Amino acid sequence: MNWIKQGFFSNVRKDILSGLTVAFALIPEAIAFSIMAGVDPMVGLYASFVIAVSISFFGGRPGMISAATGAMASLMGPIVAKYGIEYLFATTVLTGILQWIMGALKFGRFITFIPQSVIVGFVNALAIVIFMAQLPNFEGATWIMYLMVAATLLIIYLFPLLTKAVPSALVAIIVMTIISVLTHADVRTVGDMGTITQSLPAFHVPSVPLSFHMFLTILPYALALAVVGMTETLLTANLVDELTDTGSNKNREIKGQGIANILTGFFGGMAGCAMIGQTVINVKSGGRSRLSTFIAGAFLLFLILVLGDVVRQVPMAALVGVMIMVSVGTFDWHSLRTMNKVPLGDTIVMVVTVVIVVATSNLAIGVVTGVILSALNFGWKMARIHAQTHIDEHGVKVYEIKGQMFFGTMNHFVHLFHYQEDPEQIAIDFSHSHVWDQSGVNAVSKVLAKYEALDKKVAVRGLNPESQRIIDKIGVASVSSH
């Protein structure tokens with residue numbers, strides 16, 4: 001009972017109001033993503049309802065909004081075109097199963113391997129993508145559209161000066177809808193996006209042959225969806241952690257996403273994941289607990305079933321204005337001011353991540369590329385090794401190694417030594433180094449073998465316990481250490 005009270009009723013008024021705001025913003029997105037995937041608009045709407053409600057119970061990041069998303073929808077078109085809608089439902093169920101397994105295997109730790117430069121690039125790219133997604137709404141639009149978008153933004157930014165009791169985005173949507181209806185304004189509405197059917201989602205087992213061939217057919221699509229969904233969810237959860245200065249259970253969130261996708265696959269929906277745009281709306285509107293996510297999903301269904309006729313009249317200009325606010329609020333403007341202060345490699349990684357995400361509209365490709373570039377950048381910095389030499393009081397030439405011993409430095413390490421010119425006794429001091437892998441051990445072994453061939457004695461000094469352990473485990477001939 002305490003979990004329910006803490007999770008759902010610790011911030012009731014703000015959670016309800018923010019959830020209502022998010023529900024309005026979910027409708028055009030869900031319809032647009034359905035069209036992108038090549039399915040009926042109700043598939044996206046049902047998915048958004050089922051995922052949002054179920055993730056409010058099973059997720060690990062309170063206050064985060066999950067529903068049908070563009071990143072997932074972009075991968076679904078080929079399934080629907082080639083195999084039909086029933087295979088999409090089956091793929092959605094398998095996606096959920098794979099995500100649950102990923103969560104059980106603690107893949108949530110993956111977020112710790114994503115550098116800050118990639119996270120900043122992801123956030124900035126998503127802000128640009130959200131903004132660009134609004135531009136088609138202006139094609140062929142009249143001056144009324146521009147005026148209503150401007151009025152929406154004015155309400156969003158000025159209304160909080162009067163009161164913060166009600167989310168300004170919700171007020172803007174309501175006011176713009178009333179004005180649009182009363183003036184019969186010539187603007188596109190939600191109803192123009194697609195047909196909204198006022199009916200409940202029904203339990204439905206995907207009508208596909210239960211065979212190993214079918215499993216192999218949908219597995220590649222399901223795996224891609226699971227990875228993209230997990231990546232976007234983890235990054236969004238990380239962003240909410242920072243925005244709210246609270247922590248979250250990433251592995252539980254991945255398992256929760258899996259359960260949500262399994263359920264939506266059985267209720268005529270498409271796979272989804274965390275939505276950064278709607279999540280930012282929720283957080284900025286005061287949503288903090290699971291109740292805000294639940295209300296967003298539940299009120300979305302209420303809007304479809306009971307207020308379908310009203311929803312159809314909501315002007316797209318109001319929702320475009322809200323999403324532009326989200327875009328501006330999501331972009332990390334501080335990153336532009338500090339570009340000349342952070343290391344050049346990090347700046348390049350951030351820019352490349354932004355460019356790839358914006359160019360491909362695929363968050364996973366951009367993030368994975370960013371991580372690979374960061375790893376290469378880190379490897380390049382770490383692959384520096386040098387030695388300082390001196391003759392000690394016993395006439396022994398000492399090589400003080402500075403740098404990391406691993407596959408990236410092994411060849412350079414071998415060439416640090418003057419085998420022919422060195423005296424009969426040599427010491428290699430690893431006090432300022434660390435041996436990381438088999439390549440590092442092999443490099444040490446090669447150096448010792450070269451000196452041994454010249455009948456010169458070598459002592460290895462200063463190995464820390466971890467380096468000593470790996471050398472002892474792999475084994476290096478003729479090592480005398482003291």
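Hi everyone, this is a short walk through the side-chain contacts and surface features of the structure above.

A word on the ground rules: this is a predicted model, so to speak of a local feature we ask for pLDDT of at least 70, and side-chain atom pairs count only at pLDDT 80 or more, while totals for chains, interfaces and linings use all residues. Residues are numbered from 1 along each chain as its sequence is written, and side-chain values use heavy atoms, with hydrogens and water left out.

Let's start with the aromatics. A pair of aromatic rings is described by the distance of the centres and the angle of the planes. For Phe, Tyr and Trp (its six-membered ring), two rings pair if their centres lie within 6.5 Å; planes under 30 degrees apart count as stacked, over 60 as edge-to-face, and the rest as tilted. How many aromatic pairs does the structure hold? There are 17 aromatic pairs. Take Phe24 and Phe299: their ring centres are 6.0 Å apart and their planes are at 70°, so this pair is edge-to-face. It links distant parts of the chain, with Phe24 in helix 2 (residues 12–37) and Phe299 in helix 13 (residues 290–305), 275 residues apart. Helices here are DSSP runs of H or I with at least four residues, strands are runs of E with at least two, and both are numbered from the N terminus. Phe24 and Phe299 are both buried; buried means under 20% relative accessible area, exposed means over 50%, and partly exposed is in between, with a 1.4 Å probe and protein chains only.

Please stay with helix 2 for a moment, as Asp15 is found there too. Is Asp15 buried or exposed? At 0% relative accessibility, Asp15 counts as buried. Its C-alpha atom is separated by 8.2 Å from that of Arg290, 275 residues apart along the chain. Not counting residues up to four places away in sequence, Asp15 touches Gly286, Gly287, Arg288, Ser289, Leu291, Ser292 and Ile295, where contact means heavy atoms within 4.5 Å.

Ring pairs join Tyr399, Phe413, Phe417, Tyr419, Phe430 and Tyr451 into a cluster. One member, Tyr419, has Lys450 over its face, at 5.5 Å from the ring centre. For a charge to sit over a ring, NZ of Lys or CZ of Arg must be within 6 Å of the ring centre and within 35 degrees of the ring normal.

Now the salt bridges, meaning a side-chain nitrogen of Lys or Arg within 4 Å of a carboxyl oxygen of Asp or Glu. The whole structure has five salt bridges. Lys250 pairs with Asp241, with the closest N and O atoms 2.6 Å apart, and both of these residues are buried. Arg312 bridges to Asp309, at 2.5 Å between the closest N and O atoms; Arg312 is partly exposed, with a relative accessible area of 23%. Then there is Arg461 with Asp392, where the closest N and O atoms are 3.6 Å apart. Arg461 lies in strand 6 (residues 457–461) and Asp392 in the loop between strand 3 (385–391) and strand 4 (397–405), so the pair ties together parts that are 69 residues apart in sequence. Arg461 is partly exposed at 22% relative accessible area, whereas Asp392 is buried at 15%. Salt bridges with shared partners also join Arg61, Asp241 and Lys250 into one network.

Which residues form the nonpolar patch? They are Leu154, Tyr157, Leu158, Leu161, Val328, Trp333 and Leu336, with about 740 Å² of accessible area together. Patch residues have over 30% relative accessible area and no salt bridge; like charges are joined within 9 Å, and nonpolar side chains (Val, Leu, Ile, Met, Phe, Trp, Tyr) within 5 Å. The areas come from the Shrake-Rupley method with a 1.4 Å probe, and for residues, only the protein chains shown count as cover. Helix 8 (143–162) and helix 16 (333–337) each supply at least two residues, and helix 8 gives the most, with four. Trp333, in helix 16, is partly exposed at 46% relative accessible area.

Last, a backbone detail. Lys106, in the loop between helix 6 (85–104) and helix 7 (116–134), has phi near 65°, a positive value in a residue other than glycine. Lys106 counts as exposed, at 57% relative accessibility. Thanks, everyone!
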